[in-house]
Amino acid sequence: MADGQPVRLHCFAHSEGGLSLFDHWGASTGGGVEVRAVALPGGARRRSEARATTREALLADVLPHFTGAQPGPYVLYGHGLGAMVAFTVTRALHEAGLPGPALLAVGACPPPHTPSALPDVRAVTDAELLDVLGGKGAVPPHSDEGIWLRAMLPVLRADLELAQALEGAARTPSSAGPLTTPVLVLASQHNPLAPPAIAAGWRQCTQGPTWLRTVPGRHFFATGRELPALLGRACRVTRRLARQSVPAG
């Protein structure tokens, strides 16, 4: 691994937040880190495409980004639904016998084996769905809330359908055995969906080391500077450990 090669931090956004969440991260992660936001079909940068609502459709779109040769170790971070996407990609690489991320970081998301605090999207009305999401802090504030929410309802429903599909698949034991990928769990004391006590359950998803770190904020704590700064430090540690593991030639 070349000394000047940055660690790529591939980021998956929360349910409907879009990739703008990561726009400022390059200034906050610090040196040696290259932030790459992963665009999913139907999202902000691919609006003309249908949103993925199944594990199979998601992996068909995303997995090829990570099956080729990588220029050194990389890290995956997912926020909210993005955490389940990042975990699903990591596990799929493991099951295919391919190298995965050197570190999986998950934020603002309960582990898949935890009973969901969100409703079955197929069994609730629009009003019921918005009431639950608003009460859990999973819908961001907006200056014209009524218009915004009506426009976002199809997106919210599609993303919740995907989340439930990924959670269901994650509860099934892997054909390749447990993950050994190190996992960094990020949580906020003020996030009712995944407070630290619940988020800590991610340690059951890997036999590798796990760390739990708390950051300020509620569900959307990724908009602050504390999280990217913390992940930047984790990326640099990952790079240093990768260098130490390379045998002298």
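Start by selecting helix H1 (residues 55-62) together with helix H3 (residues 81-95): in this predicted model, their axes come within 11 Å and cross at roughly 75 degrees. Anything from 65 to 115 degrees counts as roughly perpendicular, so that is the label for H1 and H3.

Now show side chains where the two helices touch. On the H1 side, pick Arg55, Leu58, Leu59 and Val62; on the H3 side, pick Val85, Thr88, Val89, Ala92 and Glu95. Colour them by class and you'll get six nonpolar, one polar and two charged residues in the contact of H1 with H3.

Click on Cys109: the nearest cysteine sulfur belongs to Cys205, 9.5 Å away. A disulfide would need the two sulfurs within 2.5 Å, so the 9.5 Å from the sulfur of Cys205 to that of Cys109 is too far for a bond.

Finally, zoom out and switch to cartoon. The protein chain has seven helices and six strands, and tracing from the N terminus you'll pass β-β-α-α-β-α-β-α-α-β-α-β-α. Of the 249 residues, 48% are buried. With the surface back on, you're looking at about 11500 Å² of accessible area, 54% of it belonging to carbon and sulfur atoms.

Key
Residues numbered from 1 in each chain as written. Predicted model: local features only at pLDDT ≥ 70, side-chain atom pairs only at ≥ 80, totals over all residues. Heavy atoms only, no water. Axes fitted to C-alpha atoms, helices over the stretch in contact; angles between N-to-C directions. Helix = DSSP H or I, 4+ residues; strand = E, 2+ residues; numbered from the N terminus. Parallel < 35°, antiparallel > 145°, perpendicular 65-115°, else oblique. Contact = heavy atoms within 4.5 Å. Nonpolar A, V, L, I, M, F, W, Y, C, P; charged D, E, K, R; others polar. Buried < 20%, exposed > 50% of the residue type's maximum accessible area, 1.4 Å probe, protein only. Areas by Shrake-Rupley, 256 points an atom, 1.4 Å probe, with all protein chains shown as cover.
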